[in-house]
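I opened this model to look up its fold, its strand pairing, its core and the surroundings of its ligand. My entries follow the structure.

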Amino acid sequence: MAKPGNKIIQAKLVLLGDMGTGKTSLVLRFVKGQFFDHQEPTIGAAFFTQILSLAEATVKFDIWDTAGQERYHSLAPMYYRGAAAAVVVYDISSTDTFTRAKKWVQELQRQGNQNLVMALVANKSDLDAKREIETEEGEQFSQENGMFFIETSAKTAQNINELFFEIAKRLARAIPPKRSGMNLNNETQDRRRKIFCCSV
Ligand SMILES: Nc1nc2c(ncn2[C@@H]2O[C@H](COP(=O)(O)OP(=O)(O)O)[C@@H](O)[C@H]2O)c(=O)[nH]1
Ligand SMILES: [Mg+2]
């Protein structure tokens, strides 16, 4: 629920990463609190919405969950273009998925959207016994690329809410509040001009 006087941000968020890394599972855990051991593969992309209330803003996420298969790669720009946030996911038990995640990050950087909030997510942290990618490797890559890093498990729900709360917080900091669409009286309009328009 939006708190009165609180700014409202509508943000497009895209999930990218190899097939099977748990993108759909992360979203389903966040949006519906569900997890399925046999999650159906995503065809093309799927759309979800979720609202998060922070002290400083209410963030309405429009979430595009993409399919990781190479044959859908050409569709990806449709989903990440205009996105305010991108979540790149790999599976800690698969080196190949980490390699693929790095390629997604490079592709996003080539788009040159300086304001994009980017998260690197090391999912399936419950599979520690099968771990192929150490936490430090993910941390280091994310630091080098100006992203924030988090290890999650859609299965146990570890760090799922934390992931989306952190993104929401960064968006709230980055996105200025929208100007009011209401009629303003002259005095307020004058003051607004001084603030937004003129430095003299
Ligand atoms: N152990 C474990 N399995 C997971 C986790 N997240 C997803 N999975 C499983 O990994 C498989 C692929 O998940 P899915 O969400 O379809 O991946 P996507 O292709 O990236 O959307 C499914 O069998 C999920 O049950 C997790 O955190 N831990
Ligand atoms: Mg999927």
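I am working with a predicted model, in which local features need pLDDT of at least 70, side-chain atom pairs count only at pLDDT 80 or more, and totals for chains, interfaces and linings use all residues. Residues are numbered from 1 along each chain as its sequence is written, while chains are lettered from A and ligands numbered from 1 in the order in which they are written.

**Fold.** I found six helices and six strands in the protein. I took both as DSSP runs numbered from the N terminus: helices are H or I with at least four residues, strands are E with at least two. Along the sequence the pattern reads β-α-β-β-α-β-α-β-α-β-α-α. I counted two residues as in contact if their C-beta atoms, placed from the backbone, lie within 7 Å. Of the contacts between residues at least 6 apart in sequence, 71% join residues at least 24 apart.

**Strands.** I called two strands paired if DSSP finds at least two bridges between them. Strand 3 runs parallel to strand 1, with nine bridges, and antiparallel to strand 2 (residues 45–53), also with nine bridges. Strands 2 and 3 form a hairpin with three residues between them. At Thr58 of strand 3 I noted two partners: Ile8 and Ser53.

I called a residue buried if 20 or more other C-beta atoms lie within 10 Å of its own, with C-beta atoms placed from the backbone. By that cut-off, 36% of the 200 residues are buried, and in strand 3 seven of ten are. A nonpolar core is a set of buried Ala, Val, Leu, Ile, Met, Phe, Trp, Tyr and Cys residues joined through C-beta atoms within 7 Å. The largest one holds 49 residues, among which Leu13, Ala85, Ala86, Val88 and Leu171 touch the most other members. Helix 5 gives the most to this core, seven residues. Leaving out residues up to four places away in sequence, Ala85 touches Ala11, Leu13, Leu116, Val117, Ile167 and Leu171.

**Ligand 1.** Which residues come nearest to ligand 1? Of the 21 around it, they are Gly22, Lys23, Thr24, Ser25 and Gln39. A residue belongs here if its C-beta atom, placed from the backbone, lies within 6 Å. Helix 1 (residues 23–32) supplies the largest share of the shell, three residues. I sorted the shell into five nonpolar, eleven polar and five charged residues, with Ala, Val, Leu, Ile, Met, Phe, Trp, Tyr, Cys and Pro as nonpolar, Asp, Glu, Lys and Arg as charged, and the others, Gly among them, as polar.

Key. Buried ≥ 20, exposed ≤ 12 C-beta atoms within 10 Å, placed from the backbone.
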